[in-house]
Amino acid sequence: MDRRDPYRILQVQPDADPDVIRAAYRVLARKLHPDAGAPVDALLERRMTDLNWAYGVVRDPVARERWESDRRR
């Protein structure tokens with residue numbers, strides 16, 4: 001089981017509205033994306049990968065429910 005918390009990565013509350021989640025993702029992606037002008041390093045790549053994973057989990061209702069049920073166990 002994955003121990004990363006997608007809500008913490010996206011910096012939103014678990015009960016956040018989908019519009020808030022989408023906005024948080026876009027703001028963070030703009031900061032972390034390699035094309036944004038920041039020097040590319042392993043940490044930046046890892047953070048961008050984590051951000052994409054977190055958004056993928058939280059935006060998909062089926063994946064979000066699966067993650068929530070795994071977290072409760």
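Predicted model: local features only at pLDDT ≥ 70, side-chain atom pairs only at ≥ 80, totals over all residues.

**Helix H4 and its cover**

I started with what lies over the buried residues of H4, and the cover includes H1, H2 and H3.

Which residues of H4 are buried? I get Ala63, Arg64, Trp67 and Glu68. Looking down the axis of H4, I find these buried residues within an arc of 135°, so they line one face of the helix. On the face of H4 turned away from the buried side I noted the exposed residues Pro61, Val62 and Arg72.

I also checked the length. H4 has 12 residues, and its first and last C-alpha atoms are 16 Å apart, close to the 16 Å expected at 1.5 Å a residue.

**Helix H2**

Next I did the length check on H2, residues 18-32. Its 15 residues should span 21 Å at 1.5 Å a residue, and the end C-alpha atoms are 21 Å apart, which agrees.

The buried set in H2 is Ile21, Ala24, Tyr25, Leu28, Ala29 and Leu32. They cover an arc of only 130° around the axis, which puts them on the same side of H2. Arg26, Arg30 and Lys31 are exposed, on the face of H2 turned away from its buried side.

What do the buried residues of H2 pack against? I find helix H1 (6-10), helix H3 (42-59) and helix H4 (61-72).

**Rings**

How many aromatic pairs does the structure hold? I count two. In one of them, Tyr7 and Trp67 have ring centres 5.8 Å apart and planes at 75°, so I log the pair as edge-to-face. This pair links distant parts of the chain, with Tyr7 in helix H1 and Trp67 in helix H4, 60 residues apart. Tyr7 and Trp67 are both buried.

Tyr25 and Tyr55 also pair up, and here I log a stacked geometry, with 4.1 Å from centre to centre and 10° between the planes. Tyr25 sits in helix H2 and Tyr55 in helix H3, 30 residues apart, so to speak a link between distant parts of the chain. I have both Tyr25 and Tyr55 down as buried.

The charged end of Arg4 sits over the ring of Trp53, 4.0 Å from the ring centre.

Definitions and conventions
Residues numbered from 1 in each chain as written. Heavy atoms only, no water. Helix = DSSP H or I, 4+ residues; strand = E, 2+ residues; numbered from the N terminus. Expected span 1.5 Å × (residues − 1). Buried < 20%, exposed > 50% of the residue type's maximum accessible area, 1.4 Å probe, protein only. Arc of directions from axis to C-beta. Contact = heavy atoms within 4.5 Å. Phe/Tyr/Trp six-rings, centres within 6.5 Å; stacked < 30°, edge-to-face > 60°. Lys NZ or Arg CZ within 6 Å of the ring centre and 35° of its normal.
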